[in-house]
Amino acid sequence: EITADSKGVIKIDYCSCESREISHCTIKASQNTAVYATNADNVSVHDNHISYIYGGGIYTDNKCAHVNIYNNNLSYIGLGMQNTFAVNAKGTDYRVKNNKIFNFGYSALNVGIWGPVVNQIPSSGVVEHNEIYMTSDYVSDIANYGLMDSGAIYVGTQNNRSNIRHNYIHDIAGIKNNRGIFCDGGARNVSIMGNVITRIANSYCIDSYRVSSFENVIGPTNMGNVISYNIVDGRIRFEGRDGIDNGCVMASNYVLVENNDISPIHIVRNVQVDSQITQLNSTGVKNGREGMNSASYRLLKKAGLLRELKPYLIKK
């Protein structure tokens, strides 16, 4: 069944089709979530323009497997100033790819299941090659749009395996504690690799902090997390579960620093550190890409990062 509903401009609910596709639509100026899917597998939402939405943009719940959300343009999502997301993927084998998401109230993208909720289907998937940002005019009026305690990409506690890779997150603001990537509630089994995260106004570029309070319900938290090969210009906080063999690894990250300024101070606890953070020489933004000097650019090329990240970087 595909209907118009109070939960969504387009709602997919218990649909028995082999696949469902929503594409090349323009959804604009709605009080409700634009696309809402529940109990439906093999949903594809692609090549849509979604803007000025008071609820969320694209919502797929934990009972939706094999969801593909790609090539969408989403802007001015969450105007109702609630904890809504431009894209929400909670099921098994999601793929969120090549979307442009800008000017959102709480968070651009959510994966995983937050907190001590039991009897959930394992949540897993890939988030890659998305650009997430806020424009300067939106940031200048952020008190009328933004909320606090969020992340441009927000990761809930329970993940079977969430891979967040090769995204470009920049110019993120809000009222307080608005991260680039935020692993909340003791998030576990998250791989954050090869992302470019810059100009986060008031918090960490990547934040994975220790939360033990849910462990009596869902088992160990802050386990199996990897943060590697990311390029940031601010702080990282990465805290693993107490003790050894928690599966948390940090390796080969890079920090952009202008004019030989002092590198930011990172917080890393109970994590296996395979290599220290390498400093790159930033030369500012040019044509919407992160500039760096020739030596830094060559360093990334040698590390094999340019193949995926070249659209976001420039030698300047």
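1. D149 is partly exposed, at 35% relative accessibility (buried is under 20% relative accessible area, exposed over 50%, partly exposed in between, with a 1.4 Å probe and protein chains only). The model is predicted, local features need pLDDT of at least 70 and side-chain atom pairs pLDDT 80 or more, while totals for chains, interfaces and linings use all residues. Residues are numbered from 1 along each chain as its sequence is written, and side-chain values use heavy atoms, without hydrogens and water.

2. D149 forms a salt bridge with R179, at 2.9 Å from N to O (a side-chain nitrogen of Lys or Arg within 4 Å of a carboxyl oxygen of Asp or Glu). D149 is in strand β17 and R179 in strand β20, 30 residues apart (strands are DSSP runs of E, at least two residues, numbered from the N terminus).

3. R179 is buried, with a relative accessible area of 5%. R179 also forms a salt bridge with D207, the closest N and O atoms being 3.0 Å apart. D207 lies in strand β23, 28 residues from R179, and D207 is buried too.

4. R269 and E239 meet in a salt bridge of 2.4 Å, N to O. R269 is in strand β29 and E239 in strand β26, so the pair ties together parts 30 residues apart in sequence. R269 is partly exposed at 46%, whereas E239 is buried at 10%.

5. The count of salt bridges is 13. R95, K97, E128 and R165 are linked in a salt-bridge network.

6. V155 touches residues including V111, I164, F182 and V190, leaving out those up to four places away in sequence (contact means heavy atoms within 4.5 Å).

Key:
Helix = DSSP H or I, 4+ residues; strand = E, 2+ residues; numbered from the N terminus.
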